[in-house]
Amino acid sequence: MNDKIDFSRIDCTKEPPLEEPARQYYYMAKCRRHVRKLEQKLGRRPLFFTQTFGCQMNARDSEKLAGILECIGYAEASKEEDADFVIYNTCTVRENANQRVYGRLGQLNRMKKKKNHLLVALCGCMMQEPHVVEKLKQSYRFVDLIFGTHNLYRFAELLACRLESGRTIIDIWKDTDKIVEEIPSDRKFPFKSGVNIMFGCNNFCSYCIVPYVRGRERSRNPEDILREIRALVQDGVVEVMLLGQNVNSYGKTLKEPMSFAKLLTEIERIEGLRRIRFMTSHPKDLSDELIDVMSRSTKICRHLHLPLQSGSTRILEKMNRRYTKEQYLELVEKIRRAMPDLSLTTDIIVGFPGETEEDFQDTLEVIKKVRYDSAFTFQYSRRTGTPAASMEGQIPPEIVKDRFDRLLSAVQSISNEVCGRDTKTIQEVLVESVNDHDPSLLTGRMGNNLLVHFPGDASCIGTLVNVKLEECKGFYYLGTQV
Ligand code: SAH
Ligand code: SF4
Ligand code: F3S
């Protein structure tokens with residue numbers, strides 16, 4: 001993708017084109033001149049460093065930023081201290097995500113005092129909140145560039161503007177109905193990739209900030225998704241992760257509506273693609289058609305992330321989740337009937353306003369019934385502007401912490417029991433890397449998303465191999481290649 005743009009044909013003395021992505025290619029050409037000058041001054045290629053703070057969609061956005069930076073002449077730094085350009089792609093789903101950003105900004109300020117050509121950019125979900133941008137303007141004036149989630153594709157244009165004017169650039173859009181395709185990206189792994197199938201969220205769960213910072217739900221056209229995946233496969237990708245806040249409602253807003261299950265069927269036909277994953281499924285929209293397509297598929301991984309959030313119908317209603325405890329349990333039963341070997345994971349929040357011990361017991365009951373392979377557990381975090389933030393009955397932190405600890409130990413003891421169920425079976429594994437701690441071992445991922453470590457040669461990275469699972473170590477296996 002990055003080599004497809006022919007910069008020698010772009011005349012930067014002319015006015016910029018209005019249509020996208022040509023406009024961004026024009027600004028990339030402009031940025032290239034500045035970066036070349038910097039390169040001459042430094043006597044080496046300038047380096048960039050991106051830090052992703054959020055979810056997989058945030059990570060995919062970082063790959064786009066990296067793709068643009070490489071296109072304009074930067075190379076990736078292996079550590080932040082070496083960089084000439086640092087970008088933080090922020091998350092605001094919980095307060096601690098925000099605090100991490102502010103903490104790191106203090107360090108960056110010190111770094112910038114020593115290296116005055118250092119550029120600092122902030123983008124992502126946190127920037128969509130006006131009070132954050134206000135705080136940055138007042139107390140973090142060294143930041144060069146601030147933009148949001150909706151105009152990320154304009155990164156080159158904003159950067160060109162910063163480089164030419166020398167001023168701080170702040171550009172945040174409230175929302176957009178635009179989806180700009182064909183922006184370069186630099187994948188973290190050569191053999192697997194995230195693929196956005198939709199943007200935004202319309203569900204407005206009452207605790208959640210995402211619909212406010214990511215805007216209204218919009219689906220990409222199926223032809224564009226298929227074209228992107230075909231190109232990725234040509235480029236060596238064997239596994240794709242389809243990304244959306246609620247993939248089960250994919251296609252509802254398209255001119256010619258299309259179901260997620262139908263999209264999966266089309267993707268499955270792509271030759272050379274070996275594995276398909278997706279995130280996240282909202283229980284309220286999970287269709288029988290999807291269960292059917294999944295259970296017949298040879299490429300869709302036997303893993304479903306199905307956020308529960310709470311096991312109490314009363315709390316679920318206050319959360320605006322639009323399912324009851326019983327409906328959730330029935331759905332799980334139906335899915336398990338169709339795919340007994342499916343691995344199920346979930347997200348759970350404790351301490352939502354008004355949650356009683358009885359409500360919490362309902363949550364424990366559901367996790368004991370479902371027996372998740374693993375669960376992400378969160379303490380409720382009050383997000384300004386969401387309905388839950390102004391609800392009565394906010395729970396004192398010590399009670400939240402106590403429930404959280406009890407939940408975590410319940411979840412962990414169940415997943416320890418569940419994890420070992422495939423011991424002594426042979427599983428297909430996508431080899432991802434050399435093991436971090438022991439270079440004689442490789443680390444691979446099974447269809448159910450668990451990791452397995454086994455002796456092997458680094459030349460296997462990026463391929464699918466069969467591994468016999470010898471021993472379960474809690475949340476991973478040790479195995480041998482067969
Ligand atoms: N769209 C996805 C989730 C995106 S956010 C879905 O609906 O499943 C990821 C997880 O963060 C959520 O599932 C939820 O468990 C958690 N979360 C979101 N807002 C939160 C908040 N205010 N406090 C604590 N956890 C939260
Ligand atoms: Fe947030 Fe709910 Fe949308 Fe998920 S579905 S992003 S939890 S509002
Ligand atoms: Fe965070 Fe934004 Fe993702 S708030 S979880 S980075 S959509």
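Reader: Which helix gives the most to the lining of the second largest pocket?

Author: Helix H7 does, with five residues. Helices (H or I, at least four residues) and strands (E, at least two) are DSSP runs, numbered from the N terminus. This is a predicted model, in which local features need pLDDT of at least 70 and side-chain atom pairs count only at pLDDT 80 or more, while totals for chains, interfaces and linings use all residues. Residues are numbered from 1 along each chain as its sequence is written, chains are lettered from A and ligands numbered from 1 in the order in which they are written, and side-chain values use heavy atoms, with hydrogens and water left out.

Reader: Which helices each supply at least two residues of that lining?

Author: Helix H2 (56-71) and helix H7 (222-234) do. The lining has 33 residues, and Arg-60, Lys-64, Glu-182, Ile-183 and Glu-228 lie nearest the centre of the pocket. By class there are nine nonpolar, seven polar and 17 charged residues. Here Ala, Val, Leu, Ile, Met, Phe, Trp, Tyr, Cys and Pro count as nonpolar, Asp, Glu, Lys and Arg as charged, and the others, Gly among them, as polar.

Reader: What volume does this second largest pocket have?

Author: About 880 Å³. On a 1 Å grid over the protein atoms alone, a pocket is an open set of points with protein on both sides within 12 Å along at least five of seven lines, whereas a cavity is a set of points where a 1.4 Å probe fits but cannot get out; lining residues have an atom within 4 Å of a point. Grid points are joined across faces, edges and corners, and a volume is the space filled by probe spheres set on the points.

Reader: How many cavities of 30 Å³ or more does a search of the whole structure find?

Author: One. The largest cavity holds about 30 Å³ of space and is lined by Ile-367, Tyr-372, Ala-375, Val-411 and Ile-414. Its lining divides into five nonpolar, no polar and no charged residues.

Reader: Turning to the ligands, which residues come nearest to ligand 1?

Author: Of the 15 residues around ligand 1, these are Arg-94, Gln-245, Gln-309, Asp-347 and Ser-381. A residue counts as near a molecule if one of its heavy atoms lies within 4 Å of it. A polar side-chain atom of Arg-94 lies 2.8 Å from an oxygen atom of ligand 1. A nitrogen atom of ligand 1 is 2.7 Å from an N or O atom in the side chain of Gln-245, and a nitrogen atom of the ligand is 3.0 Å from a polar backbone atom of Tyr-207.

Reader: And which residues are around ligand 2?

Author: They are Cys-201, Asn-203, Phe-204, Cys-205, Tyr-207, Cys-208, Val-210, Pro-211, Gln-245, His-282 and Arg-321. By class, this shell has seven nonpolar, three polar and one charged residues. One of them, Phe-204, has a positive phi, near 50 degrees, although it is a residue other than glycine. Phe-204 lies in the loop between strand E8 (198-199) and helix H6 (210-214).

Reader: What surrounds ligand 3?

Author: Gly-54, Cys-55, Asn-58, Cys-91, Thr-92, Val-93, Cys-125, Arg-214 and Gln-245 do. That shell has four nonpolar, four polar and one charged residues.

Reader: Is Thr-149 buried or exposed?

Author: Thr-149 is buried, at a relative accessible area of 12%. Buried means under 20% relative accessible area, exposed over 50%, and partly exposed in between (1.4 Å probe, protein chains only). The side chain of Thr-149 reaches the backbone oxygen of Val-213 at 2.8 Å.

Reader: What about Ser-459, buried or exposed?

Author: Ser-459 is exposed, at 61%, in the loop between strand E17 (451-455) and strand E18 (464-472). Its side chain makes a polar contact with the side chain of Asp-457 at 2.5 Å. A polar contact is a pair of N or O atoms within 3.5 Å; within protein, one must be able to donate a hydrogen and the other to accept it, and residues adjacent in sequence count only if both atoms are side-chain atoms.

Reader: Lastly, which residues does a cis peptide bond with omega of about 5 degrees join?

Author: Glu-20 and Pro-21. Pro-21 is in the segment before helix H1 (22-42). The peptide bond from Met-279 to Thr-280 is also cis, with omega near -5 degrees.
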